[in-house]
Amino acid sequence: MSARSRFAVFSVTFAAVYAAVYYFAVYYNWPLFSYGPQTGQWLALDHSASAGPTMYWYGWIATAAIAAAAVALVACSLPGNPGKRLWSGFAWLVPVCSIAAIVYMLSGYFTR
Amino acid sequence: MWIALVITHGLLAFLLLGAITHQVVSAWAPVRAGATNFVDRFRAVGSAHYVNAVIVLYLITATMGGILYTNYRITSRLMMEMGHYWKSVGAFEIKEHLIAIGLALLPAYWYFWQPSSDAGDLRTRKFLTTLLAFIIWWAFLAGHVANNIRGIGT
């Protein structure tokens, strides 16, 4: 498989897996790390800052990026030509579904 | 420092908005012959030339937004909650998730804008660009509304 085809498999897999993992990371709160903006604390996983709010956004991105990169690297290393079996539309369809699920999760803000 | 950062963030977001809007319109409704009026000229831009600019602008704007977000979280957000601006808070929450998901689209967006004659690739290119445009428009508007309610650094 050429480098171009491998990158196609990597990019489609990365976008799809990242979007799915990101949703679950937000829903179940799986941040790789947390940040307390008031105290400047960086904490591993989902520990709360000693004062003020705790931000998990950076940690959710890290969780999703690492998981997606690992899966995408495996996918583009598979023997044969996995690009022929992988529908490129997953690159936008899975993110659209993830966005819809996140909007539903946050719908409470719009119904108060 | 926060005011300079939020103004620069807004200006870069505006450039990004212009680039992606040109691109999405020309991707869905390209002009084949010579453009004669404003709308045709808007559609007639060389879409492929915008790809690298969109990616670089997205990364810089998102990074600056990520820095500003720390200040927003302990100032503007608290004020918006106290004022019961729930829809604006919710729109901003959605914005942060959209931007995070948009980051993951960039490698595929870059790849599918490379020259290709495959119909599936061209369709994926259009949908990825449209999704990215939706994300950028939402982020711009939600950020603008939040800044109008309570500007960072004010």
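**Helix packing, interface and core**

In this predicted model, the axes of α3(B) and α5(B) approach within 11 Å and cross at roughly 155°.

Q: Why is α3(B) called roughly antiparallel to α5(B)?
A: The axes of the two helices cross at roughly 155°. Angles over 145 degrees count as roughly antiparallel, and therefore α3(B) is roughly antiparallel to α5(B).

Q: What is the hand of the crossing in which α3(B) passes α5(B)?
A: The crossing of α3(B) with α5(B) is left-handed.

Q: Which residues make the contact of α3(B) and α5(B)?
A: From α3(B) come B:V51, B:I55, B:Y58, B:A62, B:G65 and B:Y69, and from α5(B) come B:E96, B:I99, B:G102, B:L103, B:L106 and B:W110. By class, this contact of α3(B) with α5(B) has nine nonpolar, two polar and one charged residues.

Q: What makes α2(A) roughly parallel to α5(B)?
A: The axes of α2(A) and α5(B) come within 11 Å and cross at roughly 25°. Since angles under 35 degrees count as roughly parallel, α2(A) is roughly parallel to α5(B). The crossing of α2(A) and α5(B) is right-handed.

Q: Which residues in α2(A) and α5(B) meet?
A: A:W57, A:W60, A:I61 and A:A68 in α2(A) meet B:E96, B:A100 and B:A104 in α5(B). The contact of α2(A) with α5(B) comprises six nonpolar residues, no polar residues and one charged residue.

Q: How many residues does each chain give to the contact between chain A and chain B?
A: Chain B gives 26 residues and chain A gives 33 residues. On the side of chain B that touches chain A, α3 (51–74), α5 (86–112) and α6 (119–149) each supply at least two residues. The largest share of that side, 16 residues, comes from α5(B). By class, the side of chain B that touches chain A has 16 nonpolar, five polar and five charged residues.

Q: Which residues have the most contacts inside the largest nonpolar core?
A: They are A:A15, A:Y18, A:A19 and A:Y22, in a core of 75 residues. The elements giving two or more residues to this core are α1 (3–28), α2 (57–77) and α3 (90–105) of chain A, along with α1 (2–28), α3, α5 and α6 of chain B. The most comes from α1(A), with 16 residues.

Q: With which residues is A:A15 in contact, leaving aside its neighbours within four places in sequence?
A: A:A15 is in contact with A:A91, A:P95, B:A104, B:L105 and B:A108.

Q: Why does A:V96 count as partly exposed?
A: A:V96 has 16 C-beta neighbours inside 10 Å. A buried residue needs 20 or more and an exposed one has 12 or fewer, so A:V96 counts as partly exposed. A:V96 lies in helix α3 of chain A. The C-alpha atoms of A:V96 and A:T39 are separated by 35 Å, and these residues are 57 apart along the chain.

Q: What pattern does chain B follow along the sequence?
A: The pattern of chain B is α-α-α-α-α-α, with six helices and zero strands. Of the 154 residues in chain B, 39% are buried. Among contacts in chain B between residues at least 6 apart in sequence, 76% join residues at least 24 apart.

Conventions. Residues are numbered from 1 along each chain as its sequence is written. Chains are lettered from A and ligands numbered from 1 in the order in which they are written. This is a predicted model: local features need pLDDT of at least 70, side-chain atom pairs count only at pLDDT 80 or more; totals for chains, interfaces and linings use all residues. Two residues are in contact if their C-beta atoms, placed from the backbone, lie within 7 Å. Helices (H or I, at least four residues) and strands (E, at least two) are DSSP runs, numbered from the N terminus. Ala, Val, Leu, Ile, Met, Phe, Trp, Tyr, Cys and Pro count as nonpolar, Asp, Glu, Lys and Arg as charged, and the others, Gly among them, as polar. A nonpolar core is a set of buried Ala, Val, Leu, Ile, Met, Phe, Trp, Tyr and Cys residues joined through C-beta atoms within 7 Å. Axes are lines fitted to C-alpha atoms, for helices over the stretch in contact, and angles run from 0 to 180 degrees between N-to-C directions. Angles under 35 degrees count as roughly parallel, over 145 as roughly antiparallel, 65 to 115 as roughly perpendicular and the rest as oblique. A crossing is left-handed if the near helix is turned anticlockwise from the far one by less than a right angle, and right-handed if clockwise.
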